[in-house]
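Here is a brisk report on the fold of one chain. Keep the sequence and the model in view while reading.

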Amino acid sequence: MESVGVGLIGTGYMGKCHALAWNCVNPVFGDCPQVKLVHLADITEAQARDKARELGFADSTADWRAVIENPQVDVVSVTTPNSFHPEMAIAALKAGKHVWCEKPMAPDIKDAERMRDAARGSGRVAILGYNYIQNPIIRHMGSLLDGGEIGEVFHIRLEMDEDFMADPDALFYWKSEASAGYGAIDDFAVHPLSLVHKLLGPVSSVMADMAMPYPDRPLADGGRRKVETYDIASALIRLENGASGTLCVSRTAWGRKGRVAIQIFGSRGSIIFDQERMNELRLYRNDGPSANQGFATILASPDHSPYERFLPAPGHGLGFNDMKTIECRQLLAAMQDENAHVIDFEEGLIIERTVHAMAQSYHARGWVDV
Ligand SMILES: NC(=O)c1ccc[n+]([C@@H]2O[C@H](COP(=O)([O-])OP(=O)(O)OC[C@H]3O[C@@H](n4cnc5c(N)ncnc54)[C@H](O)[C@@H]3O)[C@@H](O)[C@H]2O)c1
């Protein structure tokens, strides 16, 4: 594959992150097919045209199907709100394109299954935007676990918290509509679950609670609209490997700006990480004199590949968009039949089933197997 033609649907927050990744992947890695930014879509011609100019795409449209039907496009980034993912991803796969779709797969599990089936039958690569698994320090955490540094893992604690919906006067928008899904569990919980899935394996059962702190929110026209999603959730979880754990998520946690926290406790030590300090992990090992024991802080460095592709200097730090660039490189590897560290639609469906089991558990008020 000498070159790859890129299509982009949706140019909001994640659309820009995907566009930056497509722009950066070759300069950072230097070993990719030549990336051609071919065609992007948003909901109006004017917005699409402006964004194409800003983000470096050759052509723009207000009709997302034109992107999928463009013969110059090989791979499509789908960065629209959740409810659009099934229709767009399936159409792209049917048109013979590879797909990079933002998480979650779909608000309805049946649609997520249809996406998985479409990917299976297509012979194309279809991955999800689980960027946190790409952090080099998280990959290092995986090596430490695989190497038995903290012994057998018995217990994990997972959290994802932000405060962008903490203000009761924050305007109603698509994330408060039932068409977006359940709320914090499919918006947030899927991220820490993606980390656990890669680091320790699948979740086998859940018992969850969900909460709606604000029953309605203001509209831009001065009215109010009933909130249809749950901004808070807590769950007990069991992993297939037998470990127990907790998972707590909130979009209304004042002061938390980008917390994706994971604590893993083993028989000989523990490892902790928080995305708000994404260039470090803390490792505790039960060895040496107890008077000298304590958490060691390991800073991200060129020893944690592919950090060295961005920077030769340790401790200088990568950022959120760098995770997307690594994800993009992994997608290109998968498209070239190389080993790739990604969550594809097969593995993504396991994560979707976990959040749907959480919702089911909340309504049934008891444990549910995934
Ligand atoms: N991986 C992550 O860390 C992460 C972070 C934030 C959001 N997301 C996911 O990314 C997706 C998008 O979220 P966002 O925050 O970027 O939303 P956003 O509202 O900022 O952007 C969505 C864009 O899609 C466009 N759009 C809507 N309908 C369209 C259509 N029919 N055709 C073309 N364009 C259309 C909108 O105009 C907007 O530009 C969601 O699924 C969300 O869960 C992932």
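## Basis

This is a predicted model, in which local features need pLDDT of at least 70, side-chain atom pairs count only at pLDDT 80 or more, and totals for chains, interfaces and linings use all residues. Residues are numbered from 1 along each chain as its sequence is written.

Helices (H or I, at least four residues) and strands (E, at least two) are DSSP runs, numbered from the N terminus.

## Two domains

The chain splits into domain 1 (3–131) and domain 2 (132–369). These bounds come from an automatic or database domain assignment. The C-alpha centres of domain 1 and domain 2 are 23 Å apart.

Contact joins 35 residues of domain 1 to 33 residues of domain 2; two residues are in contact if their C-beta atoms, placed from the backbone, lie within 7 Å. On the side of domain 1 that touches domain 2, helix 1 (13–29), strand 5, helix 5 (109–122) and strand 6 each supply at least two residues. Helix 1 gives the largest share, nine residues. By class, this side of domain 1 has 26 nonpolar, six polar and three charged residues. Ala, Val, Leu, Ile, Met, Phe, Trp, Tyr, Cys and Pro count as nonpolar, Asp, Glu, Lys and Arg as charged, and the others, Gly among them, as polar.

Two strands pair if DSSP finds at least two bridges between them. Axes are lines fitted to C-alpha atoms, for helices over the stretch in contact, and angles run from 0 to 180 degrees between N-to-C directions.

Strand 5 (residues 98–101) runs parallel to strand 6, joined by three bridges. Trp100 has Ile127 of strand 6 as its bridge partner.

A second open sheet has nine strands, ordered 16-15-14-13-7-12-11-8-17, with mixed pairing. Strand 16 (296–299) and strand 17 (368–369) are its edge strands, each pairing on one side only. Strand 8 (residues 203–211) and strand 11 (residues 232–239) run antiparallel, with eight bridges between them. Met207 stands opposite Leu236 in strand 11.

Helix 6 (residues 136–146) lies across strand 7 (153–161), strand 14 (269–274) and strand 15 (280–285), at about 20° to strand 15. Helix 10 (residues 345–364) lies across strand 8, strand 11 and strand 17, at about 55° to strand 8.

## Helix contacts

The axes of helix 7 (residues 184–199) and helix 10 come within 10 Å and cross at roughly 125°. Helix 7 and helix 10 are therefore oblique to each other (angles under 35 degrees count as roughly parallel, over 145 as roughly antiparallel, 65 to 115 as roughly perpendicular and the rest as oblique). Contact residues include Ala189 and Leu193 of helix 7, and Ile351 and Val355 of helix 10. By class, this contact of helix 7 with helix 10 has nine nonpolar, three polar and two charged residues.

Helix 6 also meets helix 7: their axes come within 10 Å and cross at roughly 40°. Ile138, Met141, Gly142 and Leu145 in helix 6 meet Leu195, Lys198 and Leu199 in helix 7.
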